[in-house]
There are 6 protein chains.
Amino acid sequence: MSSRVVYFNGQFVPESEARVSIFDSALMYGDMAFEMTRTYNRRPFKLREHLDRLYASLRLLEIDCGLSIKEMERITSETLERNLPTESADMDWQLMHDVSRGPLDVYRTAFPDGLRPTVSINCWPLITHMGGFAPKYTSGVHVVIPAQQALPAHLVDAKAKTRSRLHYQMANLQAARMETGRWPVLLDPDGFLAEGPGWNIFLVKNGELLTPEPRNILLGVSRATTIELARELGIPVRETNLGRYEALQADEIFCTATTYALVHATTFEGQTIGNGGPGPIFNRLLEAWKSKVGIDFVAQAGNYAERLPAWEKTQANGSK
Amino acid sequence: MSSRVVYFNGQFVPESEARVSIFDSALMYGDMAFEMTRTYNRRPFKLREHLDRLYASLRLLEIDCGLSIKEMERITSETLERNLPTESADMDWQLMHDVSRGPLDVYRTAFPDGLRPTVSINCWPLITHMGGFAPKYTSGVHVVIPAQQALPAHLVDAKAKTRSRLHYQMANLQAARMETGRWPVLLDPDGFLAEGPGWNIFLVKNGELLTPEPRNILLGVSRATTIELARELGIPVRETNLGRYEALQADEIFCTATTYALVHATTFEGQTIGNGGPGPIFNRLLEAWKSKVGIDFVAQAGNYAERLPAWEKTQANGSK
Amino acid sequence: MSSRVVYFNGQFVPESEARVSIFDSALMYGDMAFEMTRTYNRRPFKLREHLDRLYASLRLLEIDCGLSIKEMERITSETLERNLPTESADMDWQLMHDVSRGPLDVYRTAFPDGLRPTVSINCWPLITHMGGFAPKYTSGVHVVIPAQQALPAHLVDAKAKTRSRLHYQMANLQAARMETGRWPVLLDPDGFLAEGPGWNIFLVKNGELLTPEPRNILLGVSRATTIELARELGIPVRETNLGRYEALQADEIFCTATTYALVHATTFEGQTIGNGGPGPIFNRLLEAWKSKVGIDFVAQAGNYAERLPAWEKTQANGSK
Amino acid sequence: MSSRVVYFNGQFVPESEARVSIFDSALMYGDMAFEMTRTYNRRPFKLREHLDRLYASLRLLEIDCGLSIKEMERITSETLERNLPTESADMDWQLMHDVSRGPLDVYRTAFPDGLRPTVSINCWPLITHMGGFAPKYTSGVHVVIPAQQALPAHLVDAKAKTRSRLHYQMANLQAARMETGRWPVLLDPDGFLAEGPGWNIFLVKNGELLTPEPRNILLGVSRATTIELARELGIPVRETNLGRYEALQADEIFCTATTYALVHATTFEGQTIGNGGPGPIFNRLLEAWKSKVGIDFVAQAGNYAERLPAWEKTQANGSK
Amino acid sequence: MSSRVVYFNGQFVPESEARVSIFDSALMYGDMAFEMTRTYNRRPFKLREHLDRLYASLRLLEIDCGLSIKEMERITSETLERNLPTESADMDWQLMHDVSRGPLDVYRTAFPDGLRPTVSINCWPLITHMGGFAPKYTSGVHVVIPAQQALPAHLVDAKAKTRSRLHYQMANLQAARMETGRWPVLLDPDGFLAEGPGWNIFLVKNGELLTPEPRNILLGVSRATTIELARELGIPVRETNLGRYEALQADEIFCTATTYALVHATTFEGQTIGNGGPGPIFNRLLEAWKSKVGIDFVAQAGNYAERLPAWEKTQANGSK
Amino acid sequence: MSSRVVYFNGQFVPESEARVSIFDSALMYGDMAFEMTRTYNRRPFKLREHLDRLYASLRLLEIDCGLSIKEMERITSETLERNLPTESADMDWQLMHDVSRGPLDVYRTAFPDGLRPTVSINCWPLITHMGGFAPKYTSGVHVVIPAQQALPAHLVDAKAKTRSRLHYQMANLQAARMETGRWPVLLDPDGFLAEGPGWNIFLVKNGELLTPEPRNILLGVSRATTIELARELGIPVRETNLGRYEALQADEIFCTATTYALVHATTFEGQTIGNGGPGPIFNRLLEAWKSKVGIDFVAQAGNYAERLPAWEKTQANGSK
C-alpha cells in the first residue's frame, strides 16, 4: 500500500516532508490561516464553504496565496485522490489546508527559489480522530467554563481561522486540570458563552435552538449546517446572548465541529443537563445529519474504534 | 566554507532541514515559546537572561522541554561554535531558540519515534538584519499608533514570548499602510502605550527616562539593559502610564530590541520629536551600550551594509 | 384573630421566630435565593413562574433545597391557607420564599440536628406595601440614574434573584440623596439602562413598547406579564439597547414589579415625560392587568391606604 | 460548664437565639458589615484595627450603628469575658461582629419596639476552625484561578467587608470542582490577581515580598500584619500588578487571613511552587508572627486537631 | 446681488456678524447642538426630521431654546427665503442650525440684554461642498480604521448631534496621515464599526444591506432615508454588529450623509471592495434617491464643480 | 474709564467684538485649546506653566498657532497692560487664552483674508468670579459622584485643555439636580475618582496628602502648586487610586483650581468630612499659598463680594 502525500507549494511530497521552515511567518507569528474539512463516504463535505472561509481568513490577514479558489478546489480533490489508495475503501478523511505568508524577508538567502506564501494540503485518515472519539457519542462530554476567556474580535478575530490561538491551548490545559476529558467553553469579553477551542455550542430550551451571536466566535461550518438542518426540521433557531444561567437552564446542550459533527453535553459546570443523555432535539438533528451525508458516522466511529489498535500497528510497521 | 547547522531535537541538522511538522502544536496553535539572542564579538549577550525568560514562557505554557536550563545553555554554546566557522571572524550572530509542545497526540502514528517537545536552536549571521537596519541608526524611525491594540495579559500574556502573535503582524501591516517604514506602537487595553511588535519604547522628559509599566508588555532584555545602563549613568528611570499626550511632549523617544539594541524615533504620529535627531540621553545610552559590549555595533552595521550585496551573492552560490 | 405563621424548615412557626442563624450561609455570604409573589383576591398570581425562577436561581447557586417544585408549591398553598384567617377577607398577600445553603460546616456543632438548607415561606398582608404605595398610582414616580451601576451577569447574575445585592441598596441611597422618592435605574456595564432595584423599566415610543434586552437584568415575572398583555392588546414590543437619550425621547415610561404591578414615571432625570401623567399605552396595560387578575388593585391600594393607620394600631396591640 | 452567649442589640442572649429576622436588611440585601477577629492567648489580636475597618465599612454603607467605636470595643471585651468560662483556659476564640441597617420599614409593625440597626457580637472557640485547618500548615494549599472574577471596586467595593459576597461562594464552588481543597484566587477586572474569598495573597520573588495593589481587594488586617513584620525583618515589600505569569515565576506563594494567620501554597494552577514546601521567607514571617502574638499557633492547631473529636462529642451532649 | 443673512437670536444679521461670544457655553464647553439640512431644488429635504433630532439633542443637553419646533420650522423657511435671492435659481443650499445654552452666568455683565440661549440658522450655497465633492461620486472613497475610537454612548452620546466632538477631528487627522483623502470609520467601544465623522456606513453582502446597530452612533437622517429606500426597493436591511472581517467580506460598502447623500467606498483598509466601482445595490439606491428628491444631484455636483472657480472669484469681489 | 479689549488674531478689539465665526473649527468640532490664568496683585501667576500646557494641548490637536511661546507670553502681557486701566488698582484678573484651528476650508470664501488659526486672549476682572465664590471659603463645598463619568485618555485626553467637554457640563447638570451647589467629581473608566469639571481633588489621610494618579485628568497648575507647597511644608504627597471608600475615610478633602486656588469640602456624597470645616492641612496649605502669592486672596474675595453689586451697576451703565 502506498504512502500518504501532501501538497506543498506546488508539489506532492511524502507526508514526512510536510514541514514548515522555522523562518516562515507561520511559525514566527502564528501567521497562518487554515481549514479542516472531512469526507463522508470519501467525498469532502461542504468543501466550498470551507474554502470560502479560508479565503476570508486570508483576506483579513492580507495574504494572497497565489491560487484562485477554483484552483485550490481542484488541487484539494487531486490531493484526496492521491491519498485514497493508501487506505481501505471505507476510510473517511480529514483534509487540512494551511496557508502562510511565507518566510520572512530577512532570511531570504535561505530560500534561493524566492519568497512566496506557503500552501499545503494534507489528508489524514479519520480512524485516529473518530476511533478515539467514538465513546463520546455515548457518554457525551462535560462542558466547563475555564478562567481563560475568548479574545474580542477587534483584537484577534476568531472568525478568521488562524494558527495564532494559544489561548485555546491554555483553555484546554485549564479544563484538563478540572478532570480529564472536560471541554472548555470560553466566555467572551462581555461574559457570555463564546465557543470551545474548535467547536461551537448549542442550547435547547423549550424546543428552541439557541446559539451565541456571531460576534466573537468562529462561524463554524458545522454550526451553519446545524442551523440549516434545524430549519429544515422546523425547529426554531435563535442567535442570542447566552451565559452560565441560560446554560444551566437548558434542556439540552451540544457541541458541533467538523470531525465529529455533533456531540451532546452530559454536564455543564458539573451539573447534569436534562437526564444526562442525548435529548430529543439533538437526536433529531443527529439523524438528519446522517441522512444528509448518507452515512451513519456514529456507527462508523464505533467500527473505527475497534480497528484502531490493528491499524496503528500497521502504521508502525509501515514507517519502518 | 561549511554550511550552517541547527540543533533540532537532539541532533545537529543542516539549516534547510530545520523545519517543523504541520502536525506540531507549534503550527496548530501558535503553541511555541522562543527567544532571540545576539552575539557581540561572537559572544552571546545576556544568554542566561534570555534562557531564564524562555523557561518562564515554557512554564506559563506548561511545557516541559526535557532539558535543564544548564543543558540548554551548553547546547546553545555548542550550536554557536559549530556555526562560527561558516562566516568570517567579524561576523556576529543571532541565536534563536524555539520550543513547542510537540506533535498532537492524534497524529502519533506519523511519529514512530514517539511524541516529545520540539526543541530547536539556530544561528543566523547578523549581516542581513543589521546590514538592512544600518541606515536607521542615522535616519531614526517613525513611530505611529495603529488601530490594532495590544492584548490584555490575562487573555494572552505578552510576557511569555510565544509564536501566537498574529496581532503584531496585523499592526505591522496597518503601520505599513500609513507609509512604508512606520513602526507601530500598540496601545494597551487601558489606552496607554504598550510596545511595538518585538520592541519596547522609551521616552525622555526633562532628563528622566520613562517607559511603560511592566503590565501588558514583553519584559525585553534590551529594555532591562537600558534601565541598567541609565542607572549606571545616573539617569533617573520611571515605569509609568504613558499615552499619546506624553509621547508628543517627550524630548526624546527611542526603541529597544535585541538585534539593533536601540534606535531613536524621529517622529511620533507624524510630528517631529525634539529636533528630529538622536537626543543627548539617547546618545549617552548608546555610547554606554557600546562600551558594555565592547564593540561599536553601529559602525559594524554600516560595515555589514556595504558587504551585504556581495555576501548575498555568496549565499546564492552556496545554496546551489 | 390568630397570628401569622411562617414555614421554616419543615415546620410552621410564629412569624417572630422566622429568623436565620448568624452562622447560616445566607448571612455569611448573601448566599440565599428568594422570590416575592403576591395574591390577587387571595390567590397567588403566577406562583409557578415564580417557583420556576426560584429553582433556576438555586441551580445557579448549586443549592439543592431538598424539595421538589411540586412540594414547594403545595407547602406554599398551605402556608397561605394558614395565614388567611389572620386578616379580613379582602386582604391580599405577599408570599416570600427564602432558600439558603444552610449553616457553614465549621459551626456544625451549633446545629445538633444536622446541617441542611434553610427554607422559609412567609406571608405578609399587602396593606403596608400597597397602602404606602397607593399615592404613587396617581403621582407617578421620578426615575433617575445614580452613579451606582448594575453588575455584569458574568460577575453576579441579576437573573438569579439572590440576597447578595447590596448594590441595589447603594443605588437606593444615592437616589434618595437626589430628593426623597426618586427611583434609581441602574446602567449596565455597557452604559445602557438595566433595571431598578426590584423593578423593570419600559419605554413607549411611537406606539411601540421598548424594554432592555434580557442581558444583565432580572427577568421579572411582571415584565413578562406586561409583554404578554401588550401582545394580547396588539401593542408591538421590542427588547433593545436603551439609554438616557432614548428615555428622554420616550412618550411614556413605566416600571413593573410584583407588588404594585406597574406605575408610570412622571419624570426621567428631572425632565417631564409626556404630559407627566400616565400615558395611553400605560393605561391600556393597567386596565388589561386589572381584568386579568380580576380586581381593581389600584382602588384596593387606595382602600388599604385609608385603613392602614387603624390596622397598624391593631398590630401594635396584637404584639403586646 | 455554662453556654455561649451573644451580644444582640443591647442584650446578651444564648447563642441559639442569635438569629436575624427575615425582614432585616441584612437578609433582604446582604446589607450587613462584619468583622472576624481572633484571640491569641485569649486576648483579641488587633481588635482596634478590625473595629476601625468595621466602621469604615459602615460608613460606606451609610449605616449609623448607634455605638461609638469605644463602646463597641468595650462591649466586645465584655462579650469575650462572658464566653471565656465556657471553655478550658487554653482555648482561643473567634470574635465576629455583624451590623446591619435593621428591618425594612415596610415590615415595621412586626417590630413593636421600633426599627434600629441590628448589632451582634459572638464568640466561637477556634477548635473547630483550627483543628480542621491544622493539616494545611504542613501540606500547604493549592491555589487555582476560577472563572469567577472579583468585582470592580466602583460596583461593589471589597474594601468594605460586607455580606453581599455571593461571588466568593461561587468561586469556592468552582475551585472545589477542580479538586476538593483547591483555593480560588479571583482575578480583578484588569485580569490581575485580586484575592481569595476571605484571604490575601503574597508572592516572594528574589527575596522581595509582592502583593496586589490595594485596588479591588479587602485590606486584610493579616495582610497589614504581614507587611509590618516583613518590614521589621528587613524584607522589602512591594504592592504591584501580579498575574498568572508572576505567580508561576514566584519562589514562594502564601495566603493570609485572620484565623490561620498565614499558610503556604504548594501549587499554583497545578504547578509546584518552589520545592512545594514552605519557603525561607514564609518561615521567617511565620516565626515572627508567633513571637509577636506570644504563642505557637501552629502547635496549638495541632493540639486542637487531636482534641476536636472529643470536644465535638461534648458539644453534642451539651446541646441536648 | 444681495448678501447672505443669518438668523441670530431673533434677528437677521449679515453672515459676517454670525459669530459667537467667547463667553458662550458653546465655546466654553462645546455645549451646542446643531443640525445640517440640505435643499434639493431649493426645498429643504426632511427638515422636520432634522428639527426633531435637534430638539432631541437639546433635551439631552437640557437646553430650552425658547422656540417651539413649529416656530423653528417657520424661521428656517424665512431664513432660506431671504438667502435664495443671493444665488442663481439652480443653487441648492445647506441649512445649519446651531443652538447653545448661551453665555455663562459669571460673564453676565458683558450681556446687558440678559442671558439666553444662542440660536442661529444660516444658509450656505452648496457649490463649495458639492463642487469639491463631485469627483468622489466617480472615484469613490477610501475607508480606513484609525486608532481614534468612538465614544461610548453613556459617556458622550453620538445620538445627540453636538459640537463637543474633537474626537472626530482627531480621527480625520489620523486618517489623513495614512494618505490624503482617506475616510476614517471609528470603532465603537466593543470594537465594531461605529460611524465616520459625520457619516454612516453601509455594507452589502449577498444582496442584503447591513449597517451598525443604532448603539453608539448618530442616527443619520440619510441613514434612515437609505433604509427607507431599500425597503421600498425590496432590499433586505439588517442592523447588526459589523467589524473589520465583515467589511472585508462585503460585496459593496458605501457612506451616507446629508450633503452628498451617498458615496461608494473603493477600498477598505487598503483592500479593494468588489471591483472597486459602485456596486449594483448602491446604484439602485442612488437612482431611487435621485427620483425621490427630483433632481440628479450627481450631475448637479459636476456642474457645480465646473462653476466653482468662477463663483469663488465672484465671492472674493463681493467681499471687498 | 476705558473699556476692556481683547487680543484677537493680531489685533486688539473691543470685548464685545471677541466672537468666533460659526464656521470656525472651534465651534464646528469643539476644536479649540484654552487656558485660564489669574493674576495676584495684577501679576499673572505661573503664566509660563499655563502657556506650556496650552502648547502641549495644541500639539496634541496638531494645531500650529503661528506664534512662538515667547511671543504669546509677550502679547499676553500687553493684553493685560491694556486692560488694567479699566479697573481700580486692587482688581485682579482672569486671563483666558483660546486657540482654534480656524475656519473650515469649505467656507473659505467667507474669509477673504485667508484661513488661519483663531487666537484670542482676553482679560476679565475677577470681581464676578471671586465675589460670587467668597462665601464658599467659609461654607466649603459639597462633593458628589454623578452618573456622568470621565472620558478615558485614549478617547479624549483630559490632559489637553480643550473646549470639547460637554461631559463636564452634563456632570454639572446632574450634580445640580442633587441639590444646588453640589460639586461633581467624575469617576474615571476604572471607577476611581478622576476630577471635577475644571478642578482637581485632594484627600488628606493620617497627615498624608493623596490625589488621583495623573492618568485620566487635567494636570492642573493649581494641583502642581498644591503638591509643591506641601513638599515645602514637609507634608508627604502620594498620587494613587482613590475611590468612594477612600474619600469617605479621608480626614480632609479639598478642591483646587486657578480662580479660587483651593476650597475645602464639607461633605462627600452627603456625609460630613472631618468636622465639616477646613482641616489643619488645608489651612496650612492655604496660608502657604497666600504667602507665596503675596496677598490674602480670601479676604480679597470677601471685599469683592461686598463691592460686586455696585460694580455690576457700573458695568450696566458703562454698556449703555
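Chain A holds nine helices and 17 strands. Helices (H or I, at least four residues) and strands (E, at least two) are DSSP runs, numbered from the N terminus. Keep in mind that this is a predicted model: local features need pLDDT of at least 70, side-chain atom pairs count only at pLDDT 80 or more, and totals for chains, interfaces and linings use all residues. Residues are numbered from 1 along each chain as its sequence is written, while chains are lettered from A and ligands numbered from 1 in the order in which they are written.

## One chain on its own

Let's start with the overall build of chain A. Its C-alpha trace spans about 60 × 45 × 40 Å along the principal axes. A compact globule of 320 residues would have a radius of gyration near 20 Å, and chain A agrees because its value is 20 Å. That radius is taken over C-alpha atoms, and the globule rule is 2.2 Å times the number of residues to the power 0.38.

How much of chain A counts as buried? The share is 56% of its 320 residues. Here, buried means that 20 or more other C-beta atoms lie within 10 Å of the residue's own; 12 or fewer makes it exposed, anything in between is partly exposed, and the C-beta atoms are placed from the backbone.

Now for contacts, which need the C-beta atoms of two residues, placed from the backbone, to lie within 7 Å. Take the contacts in chain A with a separation of 6 or more: 70% of them come from residues 24 or more positions apart.

## A sheet in chain F

Chain F shows an open sheet of six strands with antiparallel pairing, in the order E2-E1-E7-E6-E4-E5. Its edge strands, each pairing on one side only, are E2 (11–14) and E5 (43–44) of chain F. Strands count as paired if DSSP finds at least two bridges between them. E4 (residues 32–40) of chain F and E5(F) run antiparallel and are joined by two bridges. In E5(F), Arg43(F) is the bridge partner of Tyr40(F).

## A closer look at Thr258(B)

Thr258(B) sits in the loop between strand E15 (252–257) and strand E16 (261–268) of chain B. Is Thr258(B) buried or exposed? Thr258(B) counts as buried because it has 21 C-beta neighbours inside 10 Å. Setting aside neighbours within four places in sequence, its contacts are Met36(B), Thr37(B), Arg38(B), Val221(B) and Ser222(B). As for Asn172(B), 86 residues away along the chain, its C-alpha atom is separated from that of Thr258(B) by 18 Å.

## How chains A and B meet

Chain B is superposed on chain A by a rotation of 180° with 0.0 Å of shift along its axis, and the RMSD is 0.0 Å. That is the relation of a two-fold axis. The C-alpha in chain B nearest the axis belongs to Ser164(B), 2.1 Å from it. Both copies use the same surface, as 100% of the contact residues of chain B recur in chain A. The superposition is by least squares on the C-alpha atoms of residues with pLDDT of at least 70 in both copies.

In this pair, 43 residues of chain B are in contact with 43 residues of chain A. Among the elements giving two or more residues to chain B's side are helix H1 (25–29), helix H4 (127–139) and helix H9 (297–318) of chain B. H5(B) gives the most, with five residues.

Strands take part too: E3 (residues 19–21) of chain A pairs with E3(B) in the antiparallel sense over three bridges. There, Ser21(B) is the bridge partner of Arg19(A).

## Chains C and D

What rotation superposes chain C on chain D? The rotation is 180°, with 0.0 Å of shift along its axis and an RMSD of 0.0 Å. Across this pair, 43 residues of chain C are in contact with 43 residues of chain D, and H5(C) gives the most to chain C's side, with five residues. E3(C) and E3 (residues 19–21) of chain D pair in the antiparallel sense over three bridges, with Val20(C) opposite Val20(D).

The table sorts two contact sides by class.

Chain B and chain C share no contact, and their closest C-alpha atoms lie 16 Å apart. Chain A and chain F do not touch either, with their nearest C-alpha atoms 16 Å apart.
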